[in-house]
Amino acid sequence: MDPREFDFDLPPELIAQQPVSPRDHSRLMVVDRARNRVEHRQFKNLPEYLRPGDCLVLNDTRVLPARLIGRKQNGTAQAEVLLLKPLGGDCWEVLCRPGRRLRPGTEVVFGQGELSCRLGPELGEGVREAVFQYRGDFQALLEELGRMPLPPYITADLADQESYQTVYSRQPGSAAAPTAGLHFTPRLLDEIRELGVSVEFLTLHVGLGTFRPVQTERVEDHRMHSEFYCLAAETAERINRARQAGGRLIAVGTTVTRTLETVARADGSLGPGSGWTGIFIYPGYRFKTVDVLTTNFHLPRSTLLMLVSAFAGRERVLEAYRLAVERRYRFFSFGDAMLVL
């Protein structure tokens, strides 16, 4: 399969730079596969498409303020380190700028020296190994010294850093937000629960590799970066009971979808567990457990767009994207949403 089959034209002004307020006033394109129909609503209308007994699953990961601006030790040259993934102990995978000037063995100091790291060898694709040293609590120092690692297509400064976190985020570890969840408010979640829909949480720590376009000549040759997930046993049991009783499983975003499909058994039931997943879902994949998907509008040639195309059909999805451009929907992380029934 050619990655160019997932290209589309997007006017730059449709790339959202700021979130909508209130969050649930973003637009919602509803794609009904059974009726071959498209509706244009607001995200606050989501409960109208849910049924008692359904199960809504969200990703409760929290974005680390993982962008650290420091300086080379014994110098004034600025250096930027972006934390990607823990490797155990105080060792992390990182991206650095300016990469070519930061040789292995270079020490980078942040703040007043209470946090520093020594850069190790390159691991490929610009990723480096780094060992951190610190005084006090590492997480607290990140919160104090770090900045939110916004995607490169967001060029405006955020007035509120929490706007790039979901309202239910609680497990620190992501390099990027699970953006399908940014549309929810506490009030909307309460309204969904009052309908008799169970609201469940799993964790997948989102890595930057998820958003990189497929650059191989064949889609099938692309390899995903692995990401850590966790699904608790009691959560898996509640989801299984809901589905056995006839409820639909509604996945909020591609991260939830990938986690559920990773832990799904052949009969569609879920097994609990934690670990690393590199599952790559593209057209031709047969879903085992997800019935309904809500997601944002994604980048051309991205694995996220390919996952949505696997779920709803490439032609249908690209037609929905064409319509979204025509109707001036907002795209990417702070953009509008799509509900695929």
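This report walks through the overall build of a predicted protein model and then a handful of its residues.

Residues are numbered from 1 along each chain as its sequence is written, and side-chain values use heavy atoms, with hydrogens and water left out. Since the model is predicted, local features need pLDDT of at least 70 and side-chain atom pairs count only at pLDDT 80 or more, while totals for chains, interfaces and linings use all residues.

**The whole chain**

Let's start with the big picture. The protein has 6 helices and 17 strands; these are DSSP runs numbered from the N terminus, with helices being H or I of at least four residues and strands E of at least two. Its radius of gyration is 20 Å, which agrees with the value near 20 Å for a compact globule of 341 residues. That figure is taken over C-alpha atoms, and the globule rule is 2.2 Å times the number of residues to the power 0.38. Along the principal axes, the C-alpha atoms fill a box of roughly 65 × 45 × 40 Å.

Of the 341 residues, 55% are buried, where buried means under 20% relative accessible area, exposed over 50% and partly exposed in between (1.4 Å probe, protein chains only). Contact here means heavy atoms within 4.5 Å. Take the contacts between residues at least 6 apart in sequence: 71% of them join residues at least 24 apart.

**Strand residues**

Val-252 sits in strand 14, residues 249–252, and counts as buried at 5% relative accessibility. Beyond its neighbours within four places in sequence, Val-252 touches residues including Leu-56, Val-57, Leu-58, Tyr-168 and Thr-294. Leu-339 is 87 residues away along the chain, yet its C-alpha is 9.3 Å from that of Val-252.

Over in strand 1 (residues 27–32) we find Arg-27, which is partly exposed with a relative accessible area of 27%. Its C-alpha lies 5.9 Å from that of Arg-41, 14 residues apart in sequence. Arg-41 is also one of the contacts of Arg-27, and others among them are Phe-43, Arg-328, Tyr-329 and Asp-336.

**A loop serine and a covered helix**

Ser-169 belongs to the loop between helix 1 (138–145) and strand 11 (171–174), and at 14% relative accessibility it counts as buried.

Helix 4 (residues 254–263) is mostly covered, with 9 of its 10 residues buried. Among them are Thr-254, Val-256, Arg-258, Leu-260 and Val-263.

| Site | Feature | Angle |
|---|---|---|
| Ser-21 to Pro-22 | cis peptide bond | omega near -5° |
| Arg-97 to Pro-98 | cis peptide bond | omega about -5° |
| Arg-301 | positive phi, not glycine | phi near 60° |
| Phe-332 | positive phi, not glycine | phi about 75° |

Where do these sit? Pro-22 lies in the segment before strand 1, and Pro-98 is in the loop between strand 7 (91–97) and strand 8 (107–110). Arg-301 falls in the loop between strand 16 (292–296) and helix 5 (303–312), partly exposed at 27% relative accessible area. Phe-332 is in the loop between helix 6 (314–326) and strand 17 (337–340), and counts as buried at 6% relative accessibility.
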